[in-house]
Amino acid sequence: MTKVEFTNLDKVLYPEVRVKKAQVIQHYIRMAPRMLGILKNRPIVLTRFPDGVDKEGFYEKDMPLSTPSWVKIFKKHSETAKREINYVVCNDLDTLVWLANLAALELHMTLSKIDEFEKPDLVVFDVDPEPSVGMDDVVDAALMLKEKLEDLDLRSYVKTSGKKGLHILVPIVREYTFNQTREYVHQIGRYLARESPVVVSEFSRSKKPGTVYIDYLQNSHGRTMVCPYSLRATPRATVSMPLDWRDVKKGLKPEEFTLSAVAKSESNPWKGMLEDKQKLEKSVD
Amino acid sequence: MEEEPMEEANARIPKRPFWSGAVTIGLVNVPVKLYTMTFDKAFSFRFLHKQDGQPLKYQKVCVRDNAVVPWEDTVRGYEVSKNRFIVFQKEELDAARPQSSQKIRIDKFVDYLSIDPIYFERSYVLAPDKSNEAYSLLLTSLQKTHKAGAGRITLRTKEYPVLLHAYKGALVLTTLRYAYEISDPNNFEELKRLMEPEKKELDLAVKIINDLSGEFDITEYEDTYEERIRKLIAKKLKGETIVAEKPVKEEAKELMAALQETLNQLKKQ
């Protein structure tokens, strides 16, 4: 049924909630039908925790040494590393299961695809709170953003980051460069910062306590975001969970979307998202 | 060509008696034949030569020059220390061997249920040999008294303590292990420092045991390996080739179920 040979299924990867590797693999198998579509043809970066989230983990851009030959690889020269990087591309269930078996708890994906790597098909707004800001302020900022996007005739899709923030995505036609999408997101951030005392739009001010930063810098070549339904390396095994906008309201508790809590979820709040390719036509101001 | 598997586990009746002689109780003789009753393994495989499929035979090979040594050139050696042997000639060992008397000598009668099954080794069915009457009398009297005869038998080269008892309308002989063949649990260090359980815990444990109590039925336990081998043999006889599958661990089974479900969903997409 799978090419993957499971190993150490009994290994505890989340000691605080006693989640074993078998449950992590189970999670990715269950979420696969909703994950594989968006993962398709995107290089991914792994965050592996072979000894559990309380022990040291590591980022892995390059494919692991043990990568089997049937795993799709995307070769790309990296300016920063000054060498060729072999990215893993997760196009099928076997690859996803293989990654889970490697204890690659977090899967981060690029905002563009390998066939046109310089043209993003996703625009992301990373709504990222600084400590002392309550979740309700994050929800307020996200709803303001949603309204602004609607003014610009853009439909948006929201998910929890799996930590404190929210990610808001707009799928687009592949006609823009990263410079253009980044600038567009930045403009919207600046607009919101003028409207709200809590929102900040500039990286230089992003660490200011009590603020919500709309991070636009992720809309860059080679940068990644945690993919929907990915686990996070948090003590309670939280998940980056796609939500229906109707559920983004006061009282939202992203920390409640844990591996065990989402296990029974079957709905897909992002239905149709992949086909919803939009144009960034209206100017922000 | 239609072939039947050579062995049918539940219907096996040995063709020949394993031993024949008489049960003797004092001056009474009951002539009997002994048949093997228990089987260690349902299947035994023979080793074949991979290239031509021919059966392989064992040969004794000298460790010094690798020469094949024929049976008549062998003697028995007892290893007293590493590579130092005391040699015995066949005649010397034969002289020490117990006399095979063709008798099952019963010394006394004991309560069958009072004997710990730890001692039980192998069981044999006794069938009447010529005289039905004496056999029937012995069987019926054991059934009536719920007793078993304790005594001894010499089988091949060894003398065994035995129990003679009634089982499903037959006399059954069970050979026993000697006391020296069984280790005494009191010799284990770990068992010398056992703690007294707390009363509350003990009460709970007793309650669990009572709740789970029932009649023992051996047929509730199935040998899944033997069942699988049996199916494989049937397939091979029909000429089907067999694809080796790795055994799936219990914990992986749930994952396999989830995989199946996801694969079904992906097919629909």
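Is Arg18(A) buried or exposed? Arg18(A) is exposed, with a relative accessible area of 56%; this and the views below come from a predicted model.

**View 1. Arg18(A) in a loop of chain A.** Arg18(A) lies in the loop that joins β1 (12–14) and β2 (19–20) of chain A. Although Arg18(A) is not a glycine, its phi is positive, at about 55°. Most residues other than glycine have a negative phi.

**View 2. Asn41(A) in the loop between α1 and β3 (43–48) of chain A.** Asn41(A) also has a positive phi, near 60°, in a residue other than glycine.

**View 3. Packing of helix α1 (residues 21–39) and helix α2 (residues 93–101) of chain A.** The axes of these helices are 9 Å apart and meet at an angle of about 145°. The crossing of α1(A) and α2(A) is right-handed. On the α1(A) side, the contact residues include Val24(A), Ile25(A), Tyr28(A), Ile29(A) and Leu36(A). On the α2(A) side, Leu93(A), Leu96(A), Val97(A), Ala100(A) and Asn101(A) take part. The residues of this contact comprise 12 nonpolar, 1 polar and 1 charged.

View 4. Tyr135(B), Leu138(B), Leu139(B) and Leu142(B) are buried in α2(B). These residues lie on the same side of α2(B) because they cover an arc of only 95° around the axis. The face turned away from the buried side carries the exposed residues Asn132(B), Glu133(B), Leu137(B) and Lys144(B).

How values were computed
Residues are numbered from 1 along each chain as its sequence is written. Chains are lettered from A and ligands numbered from 1 in the order in which they are written. This is a predicted model: local features need pLDDT of at least 70, side-chain atom pairs count only at pLDDT 80 or more; totals for chains, interfaces and linings use all residues. Side-chain values use heavy atoms; hydrogens and water are left out. Axes are lines fitted to C-alpha atoms, for helices over the stretch in contact, and angles run from 0 to 180 degrees between N-to-C directions. Helices (H or I, at least four residues) and strands (E, at least two) are DSSP runs, numbered from the N terminus. A crossing is left-handed if the near helix is turned anticlockwise from the far one by less than a right angle, and right-handed if clockwise. Contact means heavy atoms within 4.5 Å. Ala, Val, Leu, Ile, Met, Phe, Trp, Tyr, Cys and Pro count as nonpolar, Asp, Glu, Lys and Arg as charged, and the others, Gly among them, as polar. Buried means under 20% relative accessible area, exposed over 50%, partly exposed in between (1.4 Å probe, protein chains only). The arc is that of the directions from the helix axis to the C-beta atoms.
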